[in-house]
Every structure is written in C-alpha cells, then in structure tokens.
Amino acid sequence: MKITVSINLGGYSFNIDEDAYAELKNYLKNLELHFAGEESSSEILSDIETRMAELFRSKITSYKQVINIDDVQQAISIMGTPEDISDNDGPSARDKFSAPGYHRMYRDPDHRMIGGVCSGMAAYWDIDPLIVRVIFIALALGGGLGVLVYLILYIVIPEAKTTAQKIEMKGNPVNIHNIKDSVKKEFDSVRKNMKF
Amino acid sequence: MDLENTKAQMRKGILEYCILSVLSRSSCYASDIIKELKEAEVIVVEGTLYPLLTRQKNAGLLSYRWEESQQGPPRKYYELTDAGRTYLTDLDKSWKELVDSVNLIRTR
C-alpha cells in the first residue's frame, strides 16, 4: 500500500503516488531553473505543465486511477529533460550563471550541534566536524579559551542561509548544476524526515 | 564529432521555420503542432517547442486565443499573425537559397 498525493497540474486534478510526486516535482523544479533566465519563463512552464497533464489524463482509466512513477518517467522522456531541451548549446549556458568558485567560511545551520561554527569550519576544510569539535572541547577544558574563541567565531562568521552560500561554503562554483543538486539533496532529506 | 549532436543542431535551426509553416496551413493547438513535427521527425522531445512558441508569440509572429474545452481548463489556440506571414515568406526564400547553396557545394 502506498500514500498518494493529490495535485493540481495544469488545472487538472490527479492522484499520484508519493514517489512519483517527488520525481515530478524535482523535474519541474529543474525546468524552472533551466528557464530562469528567459523572459516569460512562467508561461513556458505553465504550457509544459498543461501538456504533461494531457499526457497523464490519457493514462487514467476506470481501472487505473493513480499516476505512478512509470507514468511520470515516461512523460519526462516525452517532454525532455532540461539537457534535451537546451537551446543554448549546452556548456556555455550552464556556465552563464556560474560565479568563480569562491570559497568562504560560513556557519553551517544544517549540520550544527550548537551554532554551526564547527560544522562550518569543517565544511570549509572538507574534514569531519568531529575533529573540529574535539579541538574546541580540548581548548575549553584547558582553561576556558575554547568557549571564548567559539563565541567570537559565532559572532564573526555568518550563517549560510541561501543555497548559493551553502555551495560557496564547500568551495564549489555556484552554477545551475550545483544549485540543482543542492536543492535535490535538501528535498530528499526533508522527505526522509517526513516518513513515519 | 557526434552525429546525433550535429543532427540536433540542424533540427534546432529549422524548428521555428517549421512551426510557422504548420500554422500557415491552419490555426491549431500546441499538441497538433507537436504531432506534425514529430511525424516529420523534426522534434524529438516536446519540451523544445514551448520556449519557441512563447518567443515567437512575444515577437508578434503568432497569437493565440483561449478555447473552451468540455473536459477541462481552456487551451491555447494558435494562429499566424500578418507579421508572421510576412516573416514566413522571407524564411521560405531563405530556405530555398540555403538548399540551393548546399546543393551547389555537394554536387560540384
């Protein structure tokens, strides 16, 4: 037995399996990112959604009332992935939005125990946060210095709030491809936490 | 060199021309345009069509009206504008010139 989600796609109502919904949502999000630079991007997306709804409607019968993941994957292969649709000649478009790979230190709010100072520093150097925490605790026990240093760092190092900042924290270039990956990871982790 | 990539580039170049040609014969829905282009193997994935349709509409070559449908929300019904017809005539000429040029090189 599966959980289904009720969606409004292009003005039509569908029941869709939970995993199919995740895949569809991810696909539409990628398309949105792909067309982000275009004038009338919302109109393009709306037309695509309407067309996908037409494709799904042809799948629904009295015997089959729910859209499943095969239906979604088939619809995606018919419509095309952002790479298939790319009319900006591939790599040059992907680089259009990327900034050079700034490597900045931020506090990491997604992996924090207290303030994200240790996890942020660990992300910057690409080491295990545990190592940084052990160092701080050692400093704290050996005369309280660790606590003071931690507080100063907490005030001075900004929190990585946006997806772009989280990517910069690791020193990766901020481009469509990496933003897409980050958003997908965040979505997957939220989904995992929602399972009962 | 990747043959598929070169073919895809060639198709992309003529897609706008084909869209206008289809509409010059009769006004229709986006799904009808897709059907014809797929049958002629000019497009592979349908998603390619929508950004082009919107761009051509924004450029004043096409217009659409909403057509009510019994089974659901209204759908866009596209037609060529006068500017679109003129543009198509120019494209017809350009296409002929292009074909002639290529044939000249091929058969020399």
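# Notebook: a two-chain predicted model

I started at the end of a helix in chain B. H3(B) is followed by B:Gly60, whose phi is positive, near 80°. I note here that this is a predicted model.

**Entry 1. Confidence.** I looked up the scores next. The predictor gives the complex an ipTM of 0.85 and a pTM of 0.63. For chain B, the average pLDDT is 91. In that chain, 99% of the residues score at least 70.

**Entry 2. Layout of chain B.** I listed the secondary structure. Chain B has four helices and three strands. Read from the N terminus, the order is α-β-α-α-β-β-α. I then checked burial over the chain. Of the 108 residues in chain B, 21% are buried. I also checked how far apart in sequence the contacts reach. Taking contacts in chain B with a separation of 6 or more, 50% join residues 24 or more positions apart.

**Entry 3. H3(B).** Which residues of H3(B) are buried? I found B:Leu49, B:Tyr50, B:Pro51, B:Leu53, B:Thr54 and B:Gln56. I then asked what covers the buried residues of H3(B). The cover includes helix H1 (3-25), H2 and strand S2 (62-69) of chain B. It also includes H2 of chain A. I followed that lead into the other chain later.

**Entry 4. A positive phi in chain B.** I looked for backbone angles worth a note. B:Glu41 has a phi near 60°, a positive value in a residue other than glycine. Where is B:Glu41 placed? It sits in the loop between helix H2 (30-39) and helix H3 (49-58) of chain B. Is B:Glu41 buried or exposed? I counted 9 other C-beta atoms within 10 Å, so B:Glu41 is exposed. The cut-off for exposed is 12 or fewer.

Entry 5. A:Ser40 lies in the loop between helix H1 (18-34) and H2 of chain A. With 16 other C-beta atoms within 10 Å, A:Ser40 is partly exposed.

Entry 6. I then asked which elements of chain A take part.

**Entry 7. H2(A) against H3(A).** I took two of those helices as a pair. H2(A) and H3(A) pack with their axes 10 Å apart, at an angle of about 130°. That angle makes H2(A) oblique to H3(A). The crossing of H2(A) over H3(A) is right-handed. I listed the residues that make the contact. From H2(A) they are A:Ile48, A:Arg51, A:Met52, A:Leu55 and A:Phe56. From H3(A) they are A:Asp71, A:Ala75, A:Ile78 and A:Met79. The contact has seven nonpolar, no polar and two charged residues. I checked the spacing along the helices against a general rule. An α-helix has 3.6 residues a turn, so residues three or four places apart point the same way.

**Entry 8. The loop between H2(A) and H3(A).** I stopped at A:Gln65, which is found in the loop between H2 and H3 of chain A. A:Gln65 is exposed, because it has 10 other C-beta atoms within 10 Å. What does A:Gln65 touch, not counting residues up to four places away in sequence? I found A:Asn15 and A:Ile60. A:Asn15 is 50 residues away along the chain, yet its C-alpha atom is separated from that of A:Gln65 by 7.2 Å.

**Entry 9. H6(A) against H7(A).** The axes of helix H6 (residues 117-125) and helix H7 (residues 129-141) come within 8 Å and cross at roughly 130°. H6(A) and H7(A) are therefore oblique to each other. H6(A) passes H7(A) in a right-handed crossing. On the H6(A) side I noted A:Cys118, A:Ser119, A:Met121 and A:Ala122. They meet A:Pro129, A:Val132, A:Arg133 and A:Phe136 in H7(A). By class, I logged six nonpolar, one polar and one charged residue for the contact of H6(A) with H7(A).

Notes
Residues numbered from 1 in each chain as written. Chains lettered and ligands numbered in written order. Predicted model: local features only at pLDDT ≥ 70, side-chain atom pairs only at ≥ 80, totals over all residues. Helix = DSSP H or I, 4+ residues; strand = E, 2+ residues; numbered from the N terminus. Buried ≥ 20, exposed ≤ 12 C-beta atoms within 10 Å, placed from the backbone. Contact = placed C-beta atoms within 7 Å. Axes fitted to C-alpha atoms, helices over the stretch in contact; angles between N-to-C directions. Parallel < 35°, antiparallel > 145°, perpendicular 65-115°, else oblique. Left-handed = near helix turned anticlockwise from the far one by under 90°. Nonpolar A, V, L, I, M, F, W, Y, C, P; charged D, E, K, R; others polar. pLDDT = per-residue confidence, 0-100.
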